[in-house]
Amino acid sequence: MAFMEKPPARKVLLDDTVPLTAAVEASQSLQSHTITGLSLPLPPKKLIGNMDREFIAERQKGLQNYLNVIMANHVLSNCELLKKFLDPNNYSANYTEIALQQVSMFFRSEPKWEVVEPLKDIGWRIRKKYFLMKIKNQPKERLVLSWADLGPDKYLSDKDFQCLIKLLPSCVHPYIYRVTFATASESSALLIRTFNDKGTLKDLIYKAKPKDPFLKKYCNPKKTQGLELQQIKTYGRQILEVLKFLHDKGFPYGHLHAANVMLDGNTCRLLDLENSLLGLPSFYRSYFTQFRKINTLESVDVHCFGHLLYEMTYGRPPDSVPVDSFPPASSMAVVAVLESTLSCEACKNGMPTVSRLLQMPLFSDVLLTTSEKPQFKIPTKLREALRIAKECIEKRLTEEQKQIHQHRRLTRAQSHHGSEEERKRRKILARKKSKRSAVENSEEQPVKHSNANNSGSGASSPLTSPSSPTPPSTAGLSSALPPPPPPPPPPPPPAGPSPGTEMPAPPLPQAVNGVNRGALLSSIQNFQKGTLRKAKTCDHSAPKIG
């Protein structure tokens, strides 16, 4: 179907929100300086012994820790400079030049617009650039042009994509920032909005200037301030109302954060509705991909609202998600909403709906007064295309969450298997097993010896004297055949033995079912050759000579 078509295979669509990692694996000496294979602007060392192996290992460890700290920072980890440093093959393009080329082509067909200056790096996205604009016949009015490339979640056909982008200026809502102009090509989109000197909700919280670069404004601010309780209630209610409006229209959003909320007086207005049409990943994607219950765009919006509410309340983002315990807030009603969206239980069991949040005490008593009637007409065909594109976005999210879950389980198992406690436990079990095997072997030796002695005759075979012939063995048949009858009594001794001849020893008593066998074995084992008496024999067989 047309709306399931993806961008051409030649175009690689990367998810820029996927965290990158770096490991310092080796070092080398170059021009009398020690480097770690990374082109970091480290100052040269003049200390004695700076080429020692121990010193180099210490430097590598420190640099690895430095990289880990950078990657743990949510703002820094999405920085274009860091991406180019860690992955130069995929981030070698100059996106500012690409944006200028696209904007220049646009101005050829729309000569009434004119660029005032580029707004360098005011956003966090690598493939989205901003320019300050003006209309030639209205030179005092300032506008902002945003250009963005396609993202990995662009599932709309080119035709549907361009139609929906051009439909955005017709969207009218008291809590959506109006789009003045919008157009799209097969590979990007360009939108123009009115420039707001007050900036976004994030600018208010961080006391920042709208035109400053994103890193300068939000990475390490000098001072931040949470909002008053009434501001939190009003702004939160307005944002929830517009989210519910978009959800009811079947329009996917998924890009809520404080920098996407424009402040217009005492009113919050949502920005960047085009992001989901372009297939761009969410600012908080690296957070909610960790939780398999946050698997729809509606639940993504609710989870992102929790991040926004936390920032409005405490003046900073949470250190980590899920949040185990929340700092004291101006109202317990605020904490109740935060617990329903950012706590361990919420992330594990799933998000509430927007309607449920609107009914909570923090927002239920807020009265909104506006005269602007919401209006956003989406044709039936485009609504169906949005529905299927939304399903595709959610499917990719679910698959990524599954892979992360499997990787986490494997990593946890490997870490546990290689831990010191686990190695000690395995050693103890091995010693116990070895001792148990030794005991079992020692117990089996007498049994094997007894079986070897019994293998020569069956249980029912008669015992004979040394001078009597040995009967054939019945081993293996005694268990299947009944025992034979006892043998007849031995013949009487001869009437008159020759003088000097020893009487033969009487035959041993017959063993019944092996009762006397133990005595026989004991007798054999205690036999001593020295106790035998020397026999005297008179040989009369020689011929007599008269």
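A salt bridge is taken here as a side-chain nitrogen of Lys or Arg within 4 Å of a carboxyl oxygen of Asp or Glu. The structure is a predicted model, in which local features need pLDDT of at least 70 and side-chain atom pairs count only at pLDDT 80 or more, while totals for chains, interfaces and linings use all residues. Residues are numbered from 1 along each chain as its sequence is written, and side-chain values use heavy atoms, with hydrogens and water left out.

By this rule, the model holds 22 salt bridges. One of them pairs Arg193 with Asp272, with 3.7 Å between the closest N and O atoms. This pair links distant parts of the chain, 79 residues apart: Arg193 sits in strand E7 (residues 188–194), and Asp272 in the loop between strand E9 (267–270) and helix H9 (274–278). Helices (H or I, at least four residues) and strands (E, at least two) are DSSP runs, numbered from the N terminus. Arg193 and Asp272 are both buried, where buried means under 20% relative accessible area, exposed over 50%, and partly exposed in between (1.4 Å probe, protein chains only).

Elsewhere, salt bridges that share partners join Lys128, Arg193, Asp272 and Glu274 into one network.
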